[in-house]
Amino acid sequence: MLTIAIAKGRLQGEALALLARAGVRASEMALTTRRLAIEDESGEYRFVFVKPADVPVYVEHGIADCGVVGRDVLLESEPDLLLPLELGIGRVRLVVAAQNENLPGDAGILRVATKFPRVAAAHFAAKGIPVEMIQLSGSVELAPQLGLADCIVDLVETGRTLSENGLTIVEEIAESTGRLVVNRASYQLKAAAIARLIDALSEAVKAVKSETQTKQ
Amino acid sequence: MTNPLPANNRQRVFCFMSDHLSKIPNGMRYYTGAAASLRRAVEDCAMSVFDGWSFEEVIMPTVDYFALFERGMGAEAHRAFRFTDSDGSLLALRPDITSSVARAAATLLADRPRPLRLSYAAPVYRQSQKSQTEWRRESTQLGCELIGARSDLADLEMLAIAAEVLQRLGLEESYCITINNVEVFNGIAERLELNEAARARMRALIDTRDGVELQRFMDAYDTTAEERKVFSRLTRLSGKREIIDLARGVITNPRSVAALDALETVWLGIESLGLSKTFEIDLGDLAALDYYTGLVFKIYVDGLGARVGRGGRYDHLTENFGRAEPAIGFVLDLDGLTEVLVRSGRSRLDEHVSRYSVIKGPGSEDIFREAAKRRAAGERIRIELQSSDQD
């Protein structure tokens with residue numbers, strides 16, 4: 001049996017829909033319960049639902065053989081995992097946003113509020129801008145308004161939350177979509193089952209892609 | 001005027017002290033009871049297999065010059081605990097044994113006839129961890145090195161020894177050893193004329209099995225669509241001998257072809273030993289590329305999310321110490337193996353632990369005469385002493 005860790009929240013619905021398309025289906029009844037570990041209809045797979053940042057943890061330890069999680073989480077935690085497939089779901093951008101289109105240039109140090117301190121630090125380090133990192137766990141958009149920070153590094157889907165809080169995008173750091181991640185040992189020890197899952201998912205991804213293209 | 005510490009404050013100071021004394025540093029652990037004796041049994045088992053293949057046990061210094069490890073391991077050496085000697089030179093708690101062994105082979109053991117067969121069971125220390133699963137900062141490596149022989153037979157000898165250890169540990173049903181030859185990749189990188197950065201990028205894409213990105217990456221180079229497709233599939237699949245045939249269909253540069261031939265020779269050896277069930281060819285295994293020069297292998301065991309061993313050919317390492325000669329070696333992770341066996345509860349290695357005879361008596365030397373007699377007969381005994389808790 002393969003255990004698949006799925007990031008709760010933003011990605012969960014799309015991830016389950018894509019898996020169902022690939023023939024890995026959890027029953028409606030099981031999904032409506034509040035259980036955090038459920039089996040699919042065939043009994044070949046088990047889903048566990050965990051916080052996005054915990055998906056790489058479960059998979060790296062091999063407690064889950066694979067997982068579905070956004071690239072943003074992987075960029076921040078840099079886990080030692082295999083990344084065989086981009087799933088094209090949950091597309092968001094990781095951006096720098098501030099109250100002006102330009103960052104204050106000569107402040108000596110830039111105050112950055114973010115949930116992604118590693119990504120943000122690497123981004124500004126590459127540009128040679130010294131920063132004071134202010135790590136928050138939510139409502140990051142508030143920080144510049146209240147004077148806690150000069151800018152933020154955060155995820156943007158539509159940009160509405162940003163504009164409603166008086167922020168504009170200064171630059172894009174990376175794009176993030178859902179990824180299939182696989183444990184290194186499981187990849188070898190359960191090679192056949194994992195190859196089946198990757199093939200089925202990659203067919204499903206292709207099918208979704210061609211559908212959206214014909215719609216356009 | 002003195003201000004004596006109030007009683008409750010003294011209490012607090014004491015608590016702080018005892019808290020500090022009771023904790024152990026991150027990445028360190030205790031072994032006690034069954035786990036400790038099982039760990040000892042695993043170590044003994046591996047060392048007796050190494051001895052059975054005439055590998056001579058060597059003991060290397062725990063503290064050595066940092067420069068040694070920098071030469072031996074490259075950037076990886078920076079994970080070591082470092083400190084200075086009284087003359088100011090930089091020392092390290094060894095993060096690796098192979099570097100010391102390679103230096104000893106080129107210096108102390110330079111006049112010994114080749115090949116050298118050396119083995120060790122020794123802890124290594126790493127201050128910074130590479131990943132979540134690698135939380136240990138002290139881990140014990142069971143390893144052997146075969147220095148001064150280049151043949152496919154030397155490669156096969158290493159694989160046979162690794163397989164024997166795993167079989168003797170009762171893991172014959174649950175281990176998997178993947179093999180690859182890094183020259184397959186080196187040949188491709190050479191043909192595509194990749195610069196250092198592009199080579200690192202391609203290596204990372206293959207290592208993480210990112211087939212889609214890999215195809216996109218190869219688009220930018222002089223490759224055919226067929227090559228891109230098959231190559232991205234090859235890095236995703238592991239398998240038996242058919243992998244080599246599949247690779248030969250698209251990889252034609254002489255350097256890679258020679259590597260595929262060498263890999264096939266090793267594979268035929270594995271088949272003839274009847275081990276093909278537990279071995280896989282995995283062309284996507286490209287870890288530690290700058291260290292290894294030919295055959296590489298990784299060892300996985302069911303029940304552990306990380307590998308329990310790795311090895312390969314490192315024909316350029318001893319050259320760092322003044323004597324270039326071919327070499328191959330591998331290490332097993334004693335702590336990982338112990339963890340698998342403890343968790344599975346399958347092991348019979350430590351059965352003797354629960355067997356002993358109790359010797360008691362009216363506190364006199366008779367007890368010890370009896371004890372000496374039974375010990376001479378090889379029995380496991382336990383003297384019954386009164387517990388200090390009952391004082």
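Mentor: Before we start, two strands pair if DSSP finds at least two bridges between them, and strands are DSSP runs of E with at least two residues, just as helices are runs of H or I with at least four, numbered from the N terminus. This is a predicted model, where local features need pLDDT of at least 70, side-chain atom pairs count only at pLDDT 80 or more, and totals for chains, interfaces and linings use all residues. Residues are numbered from 1 along each chain as its sequence is written, while chains are lettered from A and ligands numbered from 1 in the order in which they are written.

Trainee: Okay, what is the strand order in the open sheet of 3 strands in chain B?

Mentor: Look at the edges, β2 (63-65) and β3 (82-84) of chain B, each of which pairs on one side only. Then β3(B) is joined by 3 bridges to β4 (residues 90-93) of chain B, running antiparallel. The pairing in the sheet is antiparallel, and the order is β2-β4-β3.

Trainee: And which residue is the bridge partner of B:Thr84 in β4(B)?

Mentor: The strands β3(B) and β4(B) share 3 bridges. On the β4(B) side, B:Thr84 has as its partner B:Leu90.

Trainee: Which residues of α12(B) does α2(B) meet?

Mentor: Contact means C-beta atoms, placed from the backbone, within 7 Å. From α2(B) come B:Ala35, B:Leu38, B:Arg39, B:Val42 and B:Glu43, and they meet B:Leu334, B:Leu337, B:Thr338, B:Leu341 and B:Val342.

Trainee: Now between chains, which element gives the largest share of the side of chain A that touches chain B?

Mentor: In total, 18 residues of chain A are in contact with 21 residues of chain B. Elements giving two or more residues on the chain A side are α3 (55-60), β5 (82-86), α8 (184-189) and α9 (191-215). The largest share, 5 residues, comes from β5(A).

Trainee: Last one: how many Å separate the centres of domain 1 and domain 3 of chain B?

Mentor: The assignment, automatic or from a database, gives domain 1 as 26-173 + 302-355 and domain 3 as 357-390. Taken over C-alpha atoms, their centres are separated by 39 Å.

Definitions and conventions. Two residues are in contact if their C-beta atoms, placed from the backbone, lie within 7 Å.
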